[in-house]
Amino acid sequence: MVHCGCVLFRKYGNFIDNLRLFTKGGSGGMGYPRLGGEGGKGGDIWVVAHKKMTLKQLKDKYPQKRFVAEGGANSRVSALKGSKGKDCEISAPVGISVTDENGKIIGELNKEGDRILVAEGGLGGKLLTNFLPLKGQRRIIHLDLKLIADVGLVGFPNAGKSSLLSRVSHAKPAIADYAFTTLKPELGKIMYNDFKQISVADLPGLIEGAHVNKGMGHKFLKHIERTRQLLFVVDVCGFQLSSQTKYRTAFETIILLTKELELYKEELQTKPALLAVNKMDLPDARDKFHELVNQLQNPKDFLHLFEKNMIPERTMEFQHIIPISAITGEGIEELKNCIRKSLDEHANQENEAYHKKQLLNLQISNTTSYSERLSKQTVTSSRVDII
């Protein structure tokens with residue numbers, strides 16, 4: 001069993017997961033008509049991946065969010081071929097998707113050192129342009145984080161997600177007895193004895209109708225897409241948003257959360273998921289927990305209690321169901337171990353699938369090569385027979 005040591009937490013104040021930037025390639029240099037000299041090409045704008053960079057650091061360093069490359073040198077008697085303008089490099093985090101103003105993907109930064117050309121410099125003046133230089137490309141780009149955390153906490157408001165994050169990571173998110181205390185993602189990290197770190201994101205609470213952009217709606221669901229694994233957090237005693245809304249049991253809460261994910265994007269249901277049943281320190285919590293487990297083991301026996309439009313096509317299958325209390329600390333160590341185990345298992349499955357695919361591609365390549373050689377030998381043999 002893996003035990004958790006002291007937890008290292010780094011506060012991500014004013015968390016940023018997307019950034020809009022203005023970029024402009026450098027203008028070309030002037031040509032020299034009398035001697036046929038060519039101006040230098042303007043510098044290009046590149047987005048380059050760096051592991052230690054964050055979007056917040058980028059914004060803080062360049063608050064104007066404006067990047068212009070150097071212009072190309074003019075042609076002159078001492079240097080008829082003008083030198084190229086200096087390129088401008090924008091350092092960005094690994095795991096970034098770069099899109100243009102229309103949402104078209106320009107490229108992705110998946111590993112350290114990956115580079116994407118986002119704005120080209122203009123050509124220098126030459127014979128074809130009547131020795132007049134061209135301006136550099138102007139482009140507005142968006143940098144979007146594809147993954148913000150290993151684990152995303154999913155639940156209705158006031159389920160105890162913020163309290164849980166503070167327990168597992170020593171983070172200090174806003175906590176209160178009313179809903180919607182989390183309005184932007186809060187990130188914390190669990191550090192294990194073997195120095196393994198797992199990032200956990202407390203995401204703004206969902207409400208019914210989030211898939212049509214009610215409440216934090218699409219913003220919340222977009223954050224969920226950017227986590228490797230989901231950790232559902234529900235109140236064992238159920239949930240009621242306000243006196244005007246219907247009370248929901250813990251089982252109903254899970255069904256409704258599942259339906260919201262399904263209506264937004266069905267692929268979200270394929271993510272590995274765990275369930276933390278919170279507030280086990282409350283009276284009768286143990287009996288309610290056993291009732292919930294029974295309902296989750298036989299969900300179809302209880303779906304008739306729901307309206308048809310509230311029933312998801314497929315119910316969520318949880319790898320682990322852990323009773324916890326974020327207040328007393330009950331079950332927290334078990335939860336940390338289950339998170340680690342689930343992520344490790346999923347990583348192993350991905351590696352195994354990748355190796356199988358590589359092996360299959362190699363086998364297909366070898367089979368194709370053998371067939372081609374056999375075909376050539378047959379043709380050669382036929383020619384010898386004819387002769």
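Helix H2 (residues 161-169) is mostly covered, with 7 of its 9 residues buried; buried denotes under 20% relative accessible area, exposed over 50%, and partly exposed the range in between, for a 1.4 Å probe and protein chains only. The buried residues of H2 are Lys161, Ser162, Ser163, Leu164, Leu165, Val168 and Ser169. Helices (H or I, at least four residues) and strands (E, at least two) are DSSP runs numbered from the N terminus. The model is predicted, so that local features require pLDDT of at least 70 and side-chain atom pairs count only at pLDDT 80 or more, whereas totals for chains, interfaces and linings use all residues. Residues are numbered from 1 along each chain as its sequence is written, and side-chain values use heavy atoms, with hydrogens and water left out.

A search of the whole structure returned 1 cavity of 30 Å³ or more. A cavity is a set of points, on a 1 Å grid over the protein atoms alone, where a 1.4 Å probe fits but cannot get out; its lining residues have an atom within 4 Å of a point. The largest cavity holds about 40 Å³ of space, the volume being that filled by probe spheres set on the points, which are joined across faces, edges and corners. Its lining consists of Phe156, Pro157, Asn158, Ala159, Val234, Asp235, Gly238, Phe239 and Thr253. By class, 5 of the lining residues are nonpolar, 3 polar and 1 charged, where Ala, Val, Leu, Ile, Met, Phe, Trp, Tyr, Cys and Pro count as nonpolar, Asp, Glu, Lys and Arg as charged, and the others, Gly among them, as polar.

Leu80 lies in the loop between strand S3 (66-68) and strand S4 (88-92) and counts as partly exposed because its relative accessibility is 35%.

Two residues other than glycine have positive phi values. For Phe131, phi is near 65°; this residue is placed in the loop between strand S7 (115-119) and strand S8 (138-145) and is buried, at 11% relative accessibility. For Lys279, phi is about 70°. Lys279 belongs to the loop between strand S13 (273-278) and helix H5 (285-297) and is partly exposed, at 22%.

Gly29, in the loop between strand S1 (18-24) and strand S2 (45-49), is buried at a relative accessible area of 0%. Its C-alpha atom is separated by 8.5 Å from that of Gly122, 93 residues apart along the chain.

Key:
On a 1 Å grid over the protein atoms alone, a cavity is a set of points where a 1.4 Å probe fits but cannot get out, and a pocket is an open set with protein on both sides within 12 Å along at least five of seven lines; lining residues have an atom within 4 Å of a point.
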